[in-house]
Amino acid sequence: MDSFHWTQLLNPEFYINLEVGGVAVGIYVVLFIIFAETGLFAGFFLPGDSLLFLAGIYSTELMRSLVYLEGDFLNVLVLALLVAGAGVVGNTFGYWFGAKSGNFLYNKKDTFWFKKKYLIQSHDFFEKHGGRAIIFARFFPIIRTFAPIIAGIVKMEHKKFMLYNIISSILWAFTLIFAGHYLYELFLSKLGIDLKLYIEYIILIIVAVTTVPLVLNALKGKKVTEEEAKEEAEKHGHF
């Protein structure tokens, strides 16, 4: 067995192929990561988009450890539904957390796991796009972690939030998982290219596409000060 190195935690393939005591637990880890990334503010560093794309490639292996399903399409469909469900639960928890702890978050000191600037940037994103931000946010790292928390902080109507929550979870899960699965089959059957041999490049491309715009925006943006955070909290009645 290869020795563990912490850098493996940054590789989505590590979670998908994870075994504990010889038992494949990848499906459970994938579902937990989706919940954590969309429901816990400390989950912004987790590999959501690339994880789902790779989950589509490994859909049969992942589902086999949970339940045997006859048919390729059925495995992909059920996997996408499970992931969408985990996303719905995660966002719901994030909304509840935001509604209960808005004042605490705006006054919390920056740590390795929590950056106040992400909270402010997500709030600006939410203000600009309204309820649609819940849908858009699913496809942007960091933003998707804080969007449901912001929705809870600003007291977005719960029924409206749940509608966008469900729609966004289904779109995100089905788009990335089906894309991963069927692009893998297309490249293998038509071009003779096994995408499993190029996982590192796939991850780099997905990370670049989803994070570069956010990084550029962050570089252009100004640092959030304690005073600005307090003003933001006062604006929404969190004092």
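Helices are DSSP runs of H or I with at least four residues, numbered from the N terminus. The model is predicted: local features need pLDDT of at least 70, side-chain atom pairs count only at pLDDT 80 or more, and totals for chains, interfaces and linings use all residues. Residues are numbered from 1 along each chain as its sequence is written, and side-chain values use heavy atoms, with hydrogens and water left out.

In helix α5, Phe93 and Trp96 are about one helical turn apart, because three residues separate their positions. Their ring centres lie 5.6 Å apart with planes at 40 degrees, so the pair is tilted (rings of Phe, Tyr and Trp, the last by its six-membered ring, pair if their centres lie within 6.5 Å; planes under 30 degrees apart count as stacked, over 60 as edge-to-face and the rest as tilted). Phe93 is partly exposed at 32% relative accessibility, and Trp96 is partly exposed at 46% (buried is under 20% relative accessible area, exposed over 50%, partly exposed in between; 1.4 Å probe, protein chains only). A tilted pair is also formed by Phe32 and Phe35, at 6.4 Å centre to centre and 40 degrees between the planes. Ring pairs join Phe32, Phe35, Phe93 and Trp96 in a cluster.

The largest nonpolar core contains 37 residues, and Ile34, Ile57, Leu79 and Val83 have the most contacts inside it (such a core is a set of buried Ala, Val, Leu, Ile, Met, Phe, Trp, Tyr and Cys residues joined through side-chain atoms within 4.5 Å). Among the helices that each supply at least two residues of this core are α2 (26–39) and α5 (72–107).
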